[in-house]
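Dear colleague,

My findings follow directly after it, and I would be grateful if you would read them with the model open.

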Amino acid sequence: MILNGSQILAEVLVEQGVDTLFGYPGGAILNICDALYDYRDEIKQYITAHEQGASHAADGYARATGKTGVVLATSGPGATNLVTGIATAYMDSVPMVAITGNVGTSLIGRDSFQEVYIAGITMPITKHNFVVRRVEELADTLRAAFRIANTGRKGPVLVDIPKDVTAAKCEFVPGKKQGNTYVTHVSDEEIETAADIINKAERPFIYFGGGVGSAKACQDLRELMQKAEIPAAHTLMAAGIVGCDEPLNLGLMGMHGRLSANKAADKADVMIAIGTRFSDRVALNTEKFAKDATIIQIDIDPSEVNKNVAVDYSIVGDVKDILSRLLPLVDEKKHTPWIEQINQWRGEDKKPVDDPTVLKPHQIMAEISRQAGENAIYVTDVGQHQMWAAQYCRHLHSRSFLTSGGLGTMGYGYGAAIGAKIAFPNRPVIHITGDGSFHMNMNECCTAVSYNVPVITVIMNNSVLGMVRQWQTVFYNRRYSGSEPERVTDYAKVAEGFGAKGYKCENLAQFTKALEMALKDNCPVWIECVIDREEKVLPMIPGGGTIDDVMEE
Amino acid sequence: MTNKQNKQVLSILVDNHSGVLARVSSLFCQRGFNIDSLTVSNTDNPEISRITIVTEGDNQVLEQIIKQTKKLEETRNVVHLRNDESLFRELLLVKIAADHRVRREICGICEIYRAKIVDLNVSSLIVELTGSPSKIDGFMEMMKEYDILEMCRTGVTALARGGVSHGIK
């Protein structure tokens, strides 16, 4: 059948299983918008306040579901507004297809109105990108974009379509949904070698990351931990991949991880790193990280092997495939002295002190988890609140803690929470943010209101940029340059102005009540929590440091 | 390939698409990999281009460069061409101020290096030399004695010795 480029785009989206699209209209994509009008029953479009919000929404949708998120924007500023969202997805290996319009091919390269070379701009922050110059190439290019985004180590792909290509016509041949075409080539010998190292370990330790979730290998990992009694700690990206109810799960490790988890990493004789990349927030000192351990690394991306930390043995391939083959070769056994040692460390971990007369961050997180229940999806922005959410929320399921780990994007949370809530309307979605991050993209409240997406936003308001200020307290002799903006925003009023609801709380009883109401309100709600600006994220090991440098108060 | 430490030659086979060179050079730039020289050329397969890059780094850096380059969607293969198993060639053009007083001397050096004089006038000459990079370095060392007006080197072009063909899928 003969279709124009815009219709071909819509057809391919439907063919690839896309039923939800985030975006913002504009001149260069008018033809696409027009075609999507005819497909509005198949593809639901969510128009955000800002393209950045749309990109984070597509990302949050993708992280929560495992499907590829799709975002659409016009040329020029529309395209550049996606950049932060694309880079966020790239750093955290989130499958996303970003579609941008561009000026017509005859206008490209002439500094035309709203023209920008978005393929050049996004080259280092996409797995791949395309400029489609002929309508005949459009359908297969889009299919390739979906294949690449979802194959191997996942990530964002951008397809830039000049306006004349969206109008030009050609024969359209329907195609198939693109699956993950990755093929693992791991030999039995490799698996046996790894099993051998693990079986000889006296103090084994698993350090796992988000790659375990991407590979859908959460259950395999838990079985490995249980069968060989191997304690494990996780990165920020992997909260929930093994539930916090699993006794062998030591929790978060790294800069703000539990001291007991970091001690276990430090004293292990075998470390198995799975789906993780030894980032500078975990392997704080690459020379001394897991200094006593034989390190085995299991990851899908060969370039992650020996990138930051030299490892002793590596297996490159699909984590699920590898773990499921490793499991039968691993001895069922106990490491009682090691586990007892770790339990002693766990008992020594400093616990924050409750105080019901004010709002303590750990109590807010505990109360959120208590009320939102085990189906909750937590979405954060970036800063102190993000670390508190990682440390103190009850993480029970994978794809239920959405956070910008690699790029550290303040302003990520609201859009991502909206995307997650659209994907799972029946699960409570709690957006945990700080007053700094929230000011960046609070405008997305209008999106939540327009489509009645009842995200609950908990704003940890300490009136300062807490994480920056914490570093200034510790490393800059309390010279609070730029971190105390002294804003007087009345959040409840602003929420009402957007058509949402707002509450303000100053103690735990007020917060408990506000959250109870918010969970029943069935509309977007903001809950402002006033907290002390001296609250810190602890423990803390400075960059480049080891467990000997830990600060606990 | 040259006498300098840690020089490595990579032969990168890529799809012959516009923008591929930008992707490869952007990757090197982003990750802080050095580029000493870079050449791009056609191959016998019109769909494939060959990028030959001379870079610098220890084994760990080289491993990263190769892995990161292989990750690019349009990369077909990356081959590390080792000194003892490969042939490296470079072309030099150098313009030297030369009147009758030094012309004969320069000609003598050119003869030793089997360099050709390809342009000549009363006050200058242009020498063309093909050879391994170290041979060209040696020749240029000699030419430093004279007044060099301009020079240009193509950068290294290279192939593995023997019957191997670094497979194009």
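Of the contacts in chain A between residues at least 6 apart in sequence, 77% join residues at least 24 apart. Please bear in mind throughout that this is a predicted model. Chain A has 553 residues, and 54% of them count as buried. Its secondary structure comprises 22 helices and 20 strands. The radius of gyration of chain A is 24 Å, close to the 24 Å that the globule rule gives for 553 residues, so the chain is as compact as a globular protein of that length.

The domain assignment divides chain A into domain 1 (2-171), domain 2 (188-348) and domain 3 (361-530). Between the C-alpha centres of domain 1 of chain A and domain 2 of chain A the distance is 37 Å. Domain 1 of chain A and domain 2 of chain A each bring 5 residues to their contact. On the side of domain 1 of chain A that touches domain 2 of chain A there are no nonpolar residues, but 2 polar and 3 charged ones.

In general, a pair of packed helices is described by the angle between the axes and the distance between them.

The crossing of α12(A) and α14(A) is right-handed. From α12(A), the contact draws on A:Ser260, A:Lys263 and A:Ala264, while α14(A) supplies A:Ile342, A:Trp345 and A:Arg346. Sorted by class, the residues in the contact of α12(A) with α14(A) are 3 nonpolar, 1 polar and 2 charged.

The other pair is formed by helix α15 (residues 361-372) of chain A and helix α22 (residues 508-521) of chain A; here the angle is about 30° and the axes lie 10 Å apart. The crossing of α15(A) and α22(A) is right-handed. On α15(A), the residues that make the contact are A:Gln363, A:Ile364, A:Glu367, A:Ile368 and A:Gln371, and on α22(A) they are A:Leu508, A:Phe511, A:Thr512, A:Leu515, A:Glu516 and A:Leu519. The contact of α15(A) with α22(A) has 6 nonpolar, 3 polar and 2 charged residues.

Chain B is divided into domain 1 (7-81) and domain 2 (87-157). Taken over C-alpha atoms, the centres of domain 1 of chain B and domain 2 of chain B are separated by 29 Å. Their contact takes 6 residues from domain 1 of chain B and 5 residues from domain 2 of chain B. Within the side of domain 1 of chain B that touches domain 2 of chain B, β2 (37-42) and β3 (48-56) of chain B each supply at least two residues. With 3 residues, β2(B) gives the most to that side of domain 1 of chain B. By class, the side of domain 1 of chain B that touches domain 2 of chain B has 3 nonpolar, 3 polar and no charged residues.

As for the two chains together, 10 residues of chain A are in contact with 11 residues of chain B. The side of chain A that touches chain B is made up of 4 nonpolar, 4 polar and 2 charged residues.

Backbone geometry

As background, most residues other than glycine have a negative phi, and most peptide bonds are trans.

A:Asp111 has a positive phi, near 55°, although the residue is not a glycine. A:Asp111 is placed in the loop between β5 (96-102) and α6 (118-121) of chain A. Is A:Asp111 buried or exposed? With 9 other C-beta atoms within 10 Å, A:Asp111 is exposed, because a residue with 12 or fewer such atoms counts as exposed.

In chain B, B:Arg114 is not a glycine either, and its phi is positive at about 55°. B:Arg114 belongs to the loop between α3 (100-113) and β6 (116-120) of chain B. B:Arg114 has 11 other C-beta atoms within 10 Å and is therefore exposed.

Finally, the peptide bond that joins A:Leu538 and A:Pro539 is cis, with omega about -5°. A:Pro539 is found in the segment after β20 (525-530) of chain A.

With kind regards

Terms used
Residues numbered from 1 in each chain as written. Chains lettered and ligands numbered in written order. Predicted model: local features only at pLDDT ≥ 70, side-chain atom pairs only at ≥ 80, totals over all residues. Domains from an automatic or database assignment. Contact = placed C-beta atoms within 7 Å. Helix = DSSP H or I, 4+ residues; strand = E, 2+ residues; numbered from the N terminus. Nonpolar A, V, L, I, M, F, W, Y, C, P; charged D, E, K, R; others polar. Axes fitted to C-alpha atoms, helices over the stretch in contact; angles between N-to-C directions. Left-handed = near helix turned anticlockwise from the far one by under 90°. Buried ≥ 20, exposed ≤ 12 C-beta atoms within 10 Å, placed from the backbone. Rg over C-alpha atoms; globule rule 2.2 N^0.38 Å.
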